[in-house]
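Colleague: Please take a close look at one part of this model for me, and then carry on to wherever the chains meet. Keep the cut-offs handy.

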Amino acid sequence: MAKIEQEDKYQFAPKKFNMWVFVFTSFMFFAALTSGFIVYAGGHGTGMDMKLPAIFTYSTVVIVLSSISMFMASRAARQVQLGQQRLFLIITIALGVAFFALQTYAWLILLPGMGVYFSNPNASQSFVYVFIWMHLLHILAGVLLLANTLWGSYKERPQAKNLFGMQMSSIFWHFVDIIWIYLYVFLLLNQY
Amino acid sequence: MGFKSLISSKKMLSLVAAFLLLGTNLLMAQEAPAAAAATGDAATPSVWLGPAYYILLFAVVCFAIGIVGKILRVYDLSQQIQGKKPINWHNVMGVLCLIFLVAGMYGAYWSFTVHGSMILPGAASVHGKKIDQMFWTTTVLTMIVFVITQILLFTFLFRYRYNAKRRAHFLPHDNTIEKVWTIAPAIVLTILVIFGFFTWQQITNTVDAKGETASIDVDITGHQFAWELRYPGTDGKLGKTNYKLVTGTNKLGLDFAVDKNTYDDLQADTMVLPVNKSIRLNIHAQDVIHSVYMPHFRVQLNAVPGLPTYFKFTPTVTTAEMRRQEGDPTFEYLVYCNKICGGAHYNMKKVVRIVSEAEYQAWLATQKPYMTDQVKKDLKFAETKPAAKENRLALNN
Amino acid sequence: MSTLAVHDHEVAHHDEDHGHHHHDTFLSKYIFSQDHKMIAKQFLVTGITMAVIAMILSILFRIQLAYPDKAFPLLETLLGRFAPGGRLDANFYLALVTIHGTIMVFFVLTAGLSGTFSNLLIPLQVGARDMASPFMNMLSYWFFFLASVIMLSSFLVQKGPASGGWTIYPPLSAMPKAMPGSEMGMTLWLISMVLFIASSLMGAINYVSTVLNMRTKGMDLWKMPLTIWAFFLTAILGILAFPVLVAGVVLLIFDRSFGTSFYLSEIVLGGSSVQPFEGGSPILFQHLFWFLGHPEVYIVIMPAMGISSEVMSVNSRKPIFGYHAMVYSLIGITVLSFIVWGHHMFVTGMNPFLGGVFMITTLIIAVPSAVKTFNWLATLWRGNIRFSAAMLFAIGMVSFFISGGLTGIFLGNATLDINLHDTYFVVAHFHLVMGSAAIFGMLAGVYHWFPKMYGRMMNERLGYLHFWITFIGAYLVFFPMHFMGLDGVPRRYYAFTEFESMKRWLSVNTFVTWAAIMAAVAQFAFLFNFIYSIFWGKKATQNPWEANTMEWTAPVEHIHGNWPGEIPTVYRWPYDYSKPGADEDYIPQTVPLSQTMSSNLPHDFEDNPAGLEAYAKWAEAQKKSDEVK
């Protein structure tokens, strides 16, 4: 046990810290995009001038649910219940994919249907696309990370390593979730 | 042993000297034909334009350095064998630092006097005089710091060069002195900031004061790679423009159909401005970012497409006066582009001429309006067309 | 304790699928190495290569500036269509300027400097086996390598490399039709930059994490050498600033390729071709760019400051003066660097009030810089200065930092910037304060830590030669440029022949070019020295400079995990040089205070009441024994 603790100290803790810092850089990226939006919209007095379609509410619900199931998976992993951990991981991945699908439907079908195009003289509307796409990139990375963790859970791995994988992916997944909520609230506030 | 090496080193040295001399001779001898080649037929390069010469020269220099290095090493070894001290490089470097300090200070002084005399003459505008004042204050302050710190740096290096018998003074910190040199620059900078801030506010505070006569509006528009000028006609007002209307004949996209003020807007090749009158320079760009730069007036502002800006200034010295002052009968004020804008960025200029009010009015009267016959014809065409359509409709009915 | 040694293998293993880790193959040792020391050397060699390339580019455009009317057939042979008839093409001139700037700022002084020395020194000076994530560290290098290759490959495309200046302001960079360099070359530039940023971020994340999590026993933050402080704060700057540039670049890519109008508005190309863009703001890009761009110049200079502080302290045989003030000024610079970016935009037509605010913040940043300079001078005062090549370069760095920093007071002042903006005054300013100063810091680091990297010494005398020619050369090149700027000569001009008033600067330009060529040739002394010493240099001892920091307690031979057996514990700050009462004029950090009773000061026990008591007892006993005598 002492050995694991030591290993954890020297090996896992710094890597987890790496993940936190990475999450922070990602946050800076979205902060830059949203401040870009503010500078743009503020400087021109042209807001988005559109009502966000309801589908974003559904996708927000989906991603919040996925965060909950991610939390359940982490708890199961801590309690060394491998079966439950896998189940919840699969649910999380499924919800992640569902979110991806909903978002893609929104930008591919709904927004153009409303006359909101990416290539647009009002760049505030283009920003909506940029937010969605950049966030979907993170979702994609998150789903891959989750899949990797799930795959790892089928291999014989020491608990410490399994837990480490779970922690890494849950930090990232919760972050992706929070970022979407941030973006969604930001968009809601700037609708007009 | 030492004697022998001394001889050999002398030999080496003379060899080096011979090489160097040869090199210089070659260089000197080749310079004349080179100049001829440059002015005459560039296709047949002389030897010194060819790379082989330089590679050879480089090899010679490397060789010389190698030899000098070897000599130094042999000298060191021989000294050691004789029980004497080898070259004390700490002393050599310490002395070099001192020499550098003296030579460098002289060099800086020389540069200040020679190059310093080539800089812009005093500002030819009202706000420019304030800028100049700030500039000289800052220069004096920074030069004092520059001289003191560089002298300290290099004399410390000489004074405290390595000596095996000495030990450095253990001084990890001294709070008093650290506070002093945090606060002192802070105070100096505060003074500079306050002056700078207010001057900046004055320069950029461009609202016409009450009772003041309105500034003369002049439009300057940058595009790859020229400036277009537009003066208001007799009405003193510039008409509206619309970038969508820009064509070969309507270079600035004047909106003749909407704004009648455009009718008498004048185009000009030279920016002629009356002396001692407030000028409001409206700055536009059509394609990429340019920068209107008129160094003699201390005027600069970027021309950004989609973001019209303006700069207000009052010229105070006419071109004629400046010519007298500079002793240069061909002197012209210029406006040029100071933001990278493409291949011919380096050649995007217009002459600025500051003249008396009377000369200005006379000049203005000779300028042509943007509304050329061609434009008129185009406009008529656009106006008559719908009318013709109506006629046809009427006929059909 | 063997667990500690074993675990290192575990670290290397962790990232799966490298089955053949136990025995180092050529590939895993030299190419895809995960050892921080090897990665540092990879960064250094790539950085030096890129520096030489960028230097050659600068000589090319210097030749153009000195001889605008002369044809050099050799240029046509070398550059082909970019130099028709032996004269540089005007667009290619801009490409040279752009790529020179980009390579120097990002590839040499960011990756080459931080990448090399953060990688080498962070684990060695804080006492860690390796970086937090060696795998990420390796990826960081290979992303950098790929970015370098792509950046250079832009010379091979038909229309030439990006040429809108290293700041790539749209619309010039956004519209392929605006200039040849904005076509394929710009695309490659953007791809290369995105890879580069990924590399920098991976590096920076590792540096921060390693410094915060993996320090050895006893190494609290206030015992870290200034190098580590500098690298640590630099990494934080990178983490905060680089993502913002990514955001700016992403939007630029959309504008270029997908017809959006983030930065573009009301554009008419070629006098009649009306573009469909509306409503964009070119200034938005400048905000996003300089939000990175300004911290970037501190990313460049802070490691050089850290290295110089360390080298000057070691070679003056004297503690760095005002260690705490040095750290606080670094922190001050870090914080302030995020609120000064607007001083690059005084003349863009930005709100004048904002300009005033940025001017105040900008001039405030001069205070910590001044404190650092005075502290360096005080470090030299009454020192016992050993003129190693590294020391000379550190001094050169200080001299340049003063000369270039002072002109910053002109440019930070919005009022004066009106007339100086984008002139040669700016060129002179930043080439001294961040170009030459940072490169001298880097060279000081190379000379100083060469024994640590390659186990051999570099030739000092060749180093002297290299230093003096480069030092004098740099001053000769950049000093006269100030006056050109004061005459209103703009930067990025292909030739000064079109303006009657600028022709008189031609002789100065010729002089500057020859000074630049001289300095460039002197770099061969360095290159020769560097390569020769790697293979045939004098074998280094473990602590050739008699320095205190931890890296010199590690064996000369490079081993996995840096120290055999246990990592040494740290007991004191790294600057106990020439302490009164000590036998030697240096006491390494790993020597406990109990072994140096005669040199201890009450100050050494500030947070250690037990130690202070023991010290007081010892001092009393000492007094008594003295009395007995």
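**A surface patch, then an interface**

Modeller: Val185(A) sits in helix α5 of chain A (a DSSP run of H or I, at least four residues; strands are E, at least two; numbered from the N terminus). This is a predicted model: local features need pLDDT of at least 70 and side-chain atom pairs 80 or more, but totals for chains, interfaces and linings use all residues. Residues count from 1 along each chain as written, chains are lettered from A and ligands numbered from 1 in written order, and side-chain values use heavy atoms, no hydrogens or water.

Val185(A) is partly exposed at 39% relative accessible area (between 20% and 50%, 1.4 Å probe, protein chains only). Together with Val61(A), Val64(A), Leu65(A), Ile68(A), Ile181(A) and Leu189(A), Val185(A) makes a nonpolar surface patch of about 580 Å² accessible area (residues over 30%, no salt bridge, side chains joined within 5 Å). Two helices, α2 (55-78) and α5 (159-189) of chain A, each give two or more residues to that patch, and α2(A) has the largest share, with four.

Now over to chains B and C: 108 residues of chain B and 131 of chain C are in contact (heavy atoms within 4.5 Å). About 10400 Å² is buried between chain B and chain C, 71% of it from carbon and sulfur atoms (accessible area lost, summed over both). On the chain B side, Phe170(B), Trp200(B) and Tyr346(B) lose the most area to chain C, together 8% of what that side buries. There are also three salt bridges between chain B and chain C (Lys or Arg side-chain nitrogen within 4 Å of an Asp or Glu carboxyl oxygen). Lys339(B) and Asp422(C) pair up in a salt bridge at 2.7 Å, N to O. For the side of chain B that touches chain C, the largest share, 16 residues, comes from α5(B).

Notes
Patch = residues over 30% accessible without salt bridge, like charges linked within 9 Å, V, L, I, M, F, W, Y side chains within 5 Å. Areas by Shrake-Rupley, 256 points an atom, 1.4 Å probe, with all protein chains shown as cover. Buried area = accessible area lost by both parts, 1.4 Å probe.
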